[in-house]
Amino acid sequence: MKNNSCATTKFWADTEFPTIKQEIPSISKQVKFTTALKFNESRQLYRPIDLSQPQYVGTPSAEIDSNWENLNGAIDVFITEEEAKLMGGDTYFEPESGLYRAEITVFHNIHCLLSKNMIRQSMFYNREYYYPHRDEKVLVPHLEHCIDNLRESLMCEGDMTFYPLRWVENMGRVIPDFEVVHTCRDYSALKKWADNRDAATEGVWQKSAARLHATMEH
């Protein structure tokens, strides 16, 4: 995995949260994607699985659920009054903590895949395991929101990395090779920053609020 330093003005967009531009290094990583699809000798499509890595899809299990939970960062975070003003000031003020609160796009997007695993858990082959009695009137609007929100986010990101096409002799056709290198932000750094400001997890948000108040006093 390679690190490439990027100029801050190019690395962060104007619409992104101002504080992160000072607190998270503007470093990109080159990451090889592993979500391949291949055909075997019997011409059956299969998904190669690297069991040395955490699994996020497959037969529903406690392990997969845990992997998703560990992957996501805090969606709902505390921000200061000054930071709220930089956002336009129109975000919720929580009297109990004395801080403002907002949500982060990337972690909301993963929440849509994960939480309470809306899309993954609602797939027809997972539905009975996760939502045997879920009210359709509640499930469908939430699921449609998640799908459309991810659509907008993917269109916004606009990753123009190419997937080369490979000729598969026994299929007599080409298929994309998804195992290519992409230039990515340091997700671990983003997650660490968000978790440090967690505003929703009971037993955690109190410490997050105290920590942020302490920085405001300096």
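The following legends describe an overview and several close-up views of a predicted model.

**Figure 1. Overall architecture of the protein chain.** The chain has 218 residues and contains 10 helices and 10 strands; helices (H or I, at least four residues) and strands (E, at least two) are DSSP runs, numbered from the N terminus. Residues are numbered from 1 along each chain as its sequence is written, and side-chain values use heavy atoms, with hydrogens and water left out. Buried residues (under 20% relative accessible area, against over 50% for exposed and in between for partly exposed; 1.4 Å probe, protein chains only) make up 32% of the chain. Where contact means heavy atoms within 4.5 Å, 58% of the contacts between residues at least 6 apart in sequence join residues at least 24 apart. The accessible surface comes to about 14600 Å², of which 56% belongs to carbon and sulfur atoms; areas come from the Shrake-Rupley method with a 1.4 Å probe, and for residues only the protein chains shown count as cover.

**Figure 2. Confidence along the chain.** The mean pLDDT (the predictor's confidence in each residue, from 0 to 100) is 82, and 82% of residues reach 70 or more. Confidence is lowest in strand β1 (residues 2-5), with a mean of 48, and highest in helix α9 (residues 187-195), at 95. Over residues 4-9 pLDDT stays under 50, and the model has 10 contacts beyond four places in sequence for this segment. Local features need pLDDT of at least 70 and side-chain atom pairs count only at pLDDT 80 or more, while totals for chains, interfaces and linings use all residues.

**Figure 3. The aromatic pair of F78 and W205.** The structure holds seven aromatic pairs, defined for rings of Phe, Tyr and Trp (its six-membered ring) with centres within 6.5 Å; planes under 30 degrees apart count as stacked, over 60 as edge-to-face and the rest as tilted. The centres of the F78 and W205 rings are 6.3 Å apart and their planes lie at 65°, so this pair is edge-to-face. F78 belongs to strand β5 (residues 76-79) and W205 to helix α10 (residues 205-216), 127 residues apart, and the pair thus links distant parts of the chain. F78 is buried, at 0% relative accessibility; W205 is also buried, at 11%.

**Figure 4. R185 over the ring of F11.** The charged end of R185 sits over the F11 ring, 5.0 Å from its centre. This term requires NZ of Lys or CZ of Arg within 6 Å of the ring centre and within 35 degrees of the ring normal.

**Figure 5. The surroundings of N67.** N67 lies in helix α3 (residues 62-71) and is buried, at 14% relative accessibility. Beyond its neighbours within four places in sequence, N67 contacts P54, Q55 and Y56.
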